[in-house]
Amino acid sequence: MTYENTLQIGFIGAGRAGCSLGKYFVTKGATVKGYYSRTEESAMWAASFTDTVHYSNIRSLVNECNTIFITVSDSEIGNVWSELSCHDISGKIICHTSGALSSSVFQNQDACGAFGYSLHPLYAISSKENSYKEFDKVYFTIEGHEKHLKDLMDFISSLGNSITAISSQDKVRYHAAAVFASNLVCGLYEKACGILRGCGFEENDAQAALSSLFYGNSSAIANRGAKDALTGPCERGDVSTIKKHLNVLDGDDEMIYRLLSKELINIAGQKNPDRDYTALNDILSLSDKEDLS
């Protein structure tokens, strides 16, 4: 029997992340013992949802679990660890699921005899009850103590998911990448809706007009990568159209357009290595609109 088959998993925190991970683990046949939460009501709900038990105190969870997931807000992970480290956690695997924090949040883990990890599902968990249904395609990352790093990676792989180990020094940069691909996209989409509203669209119409364009493009990027999915004036090297866009944009909208279009030129150059994008790059580097005429 491999180590990942002997994991007895307990969760501290019964919010979206804890419930989604726990439910997913259970559906894949992993052993989830149950939940402890700041409010007993939420722990009871999570236990019912996952067909496990709820614990009225941390000590009981520690006694029954060899692997403990801390699934609380980033600001509370350190506090939960402080409480957890007051118990006998020697030999225990301790994981948090923050995208931004590394395992260094588990201060003095060696003195406790525990092994700390950050194990992050690269997914926007929006629903406590339904997000787990999408976890089959979620990519995981892990960083932490060498002792059980491979065991945890093998466990995630046994569920059918891909996982990559990263260094603690790269954790914040990794999280920034996730924000670019997720949260910042929301900002860009709202910018696009705002520009359409400036053209006379009602809010609902702006959303409806852009939705199929957004879905089609995001699907192409996810399935084929940005290079193969790229279309539009930058990819074509359409200097005339880019000039017109820059002439009608101002302030932050213009700055965002310039910066991202330069990135698109880099992608376009990879897609079309024989195409010359020098003129387009020069136009995007100009700061004075008068030079765009």
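A strand, labelled E, is a DSSP run of at least two residues, and strands are numbered from the N terminus. With that in hand, here are the close-ups; keep in mind that the model is predicted.

**View 1. His 120 sits in strand E6.** At 10% relative accessibility, His 120 counts as buried, because the cut-off for that label is under 20%.

**View 2. Eight strands line up in an open sheet.** Reading across, the order is E3-E2-E1-E4-E5-E6-E7-E8, and the pairing is mixed. The edges are strand E3 (53–54) and strand E8 (163–165), each of which pairs on one side only. Look for Cys 95, which stands opposite Tyr 117 in E6. Helix H4 (residues 74–84) also packs on the sheet, where it touches E1, E4 and E5. The direction of H4 makes about 150 degrees with that of E4.

**View 3. H1 meets helix H2 (residues 40–50).** The two axes come within 9 Å and cross at roughly 25 degrees. That angle is under 35 degrees, so H1 and H2 count as roughly parallel to each other. The crossing of H1 past H2 is right-handed. On the H1 side you'll find Cys 19, Gly 22, Lys 23 and Val 26; they meet Trp 45, Ala 46, Phe 49 and Thr 50 of H2. Sorted by type, the residues of this contact come out as five nonpolar, two polar and one charged.

**View 4. Helix H7 packs with helix H8.** H7 spans residues 171–181 and H8 spans residues 183–198, with their axes 3 Å apart and an angle of about 30 degrees. H7 and H8 are therefore roughly parallel to each other. H7 brings Ala 178, Val 179, Phe 180 and Ala 181 to the contact, while H8 brings Asn 183, Leu 184 and Val 185. Here the tally is six nonpolar, one polar and no charged residues.

**View 5. Ile 156 has its place in helix H6 (residues 149–158).** Is Ile 156 buried or exposed? Its relative accessible area is 0%, so Ile 156 is buried. Beyond its neighbours within four places in sequence, Ile 156 is in contact with Phe 25, Leu 119, Phe 140, Asn 161, Ser 162 and Ile 163. Take Phe 25: it is 131 residues away from Ile 156 along the chain, yet their C-alpha atoms are separated by 9.3 Å.

**View 6. Asp 51 and Asn 108 each have a positive phi.** Most residues other than glycine have a negative phi. For Asp 51, phi is about 60 degrees; for Asn 108, it is near 60 degrees. Asp 51 is found in the loop between H2 and E3, and Asn 108 in the loop between E5 and helix H5 (109–112). Asp 51 is exposed, with a relative accessible area of 72%. Asn 108 is exposed too, at 60%.

Key. Residues are numbered from 1 along each chain as its sequence is written. This is a predicted model: local features need pLDDT of at least 70, side-chain atom pairs count only at pLDDT 80 or more; totals for chains, interfaces and linings use all residues. Side-chain values use heavy atoms; hydrogens and water are left out. Helices (H or I, at least four residues) and strands (E, at least two) are DSSP runs, numbered from the N terminus. Buried means under 20% relative accessible area, exposed over 50%, partly exposed in between (1.4 Å probe, protein chains only). Contact means heavy atoms within 4.5 Å. Two strands pair if DSSP finds at least two bridges between them. Axes are lines fitted to C-alpha atoms, for helices over the stretch in contact, and angles run from 0 to 180 degrees between N-to-C directions. Angles under 35 degrees count as roughly parallel, over 145 as roughly antiparallel, 65 to 115 as roughly perpendicular and the rest as oblique. A crossing is left-handed if the near helix is turned anticlockwise from the far one by less than a right angle, and right-handed if clockwise. Ala, Val, Leu, Ile, Met, Phe, Trp, Tyr, Cys and Pro count as nonpolar, Asp, Glu, Lys and Arg as charged, and the others, Gly among them, as polar.
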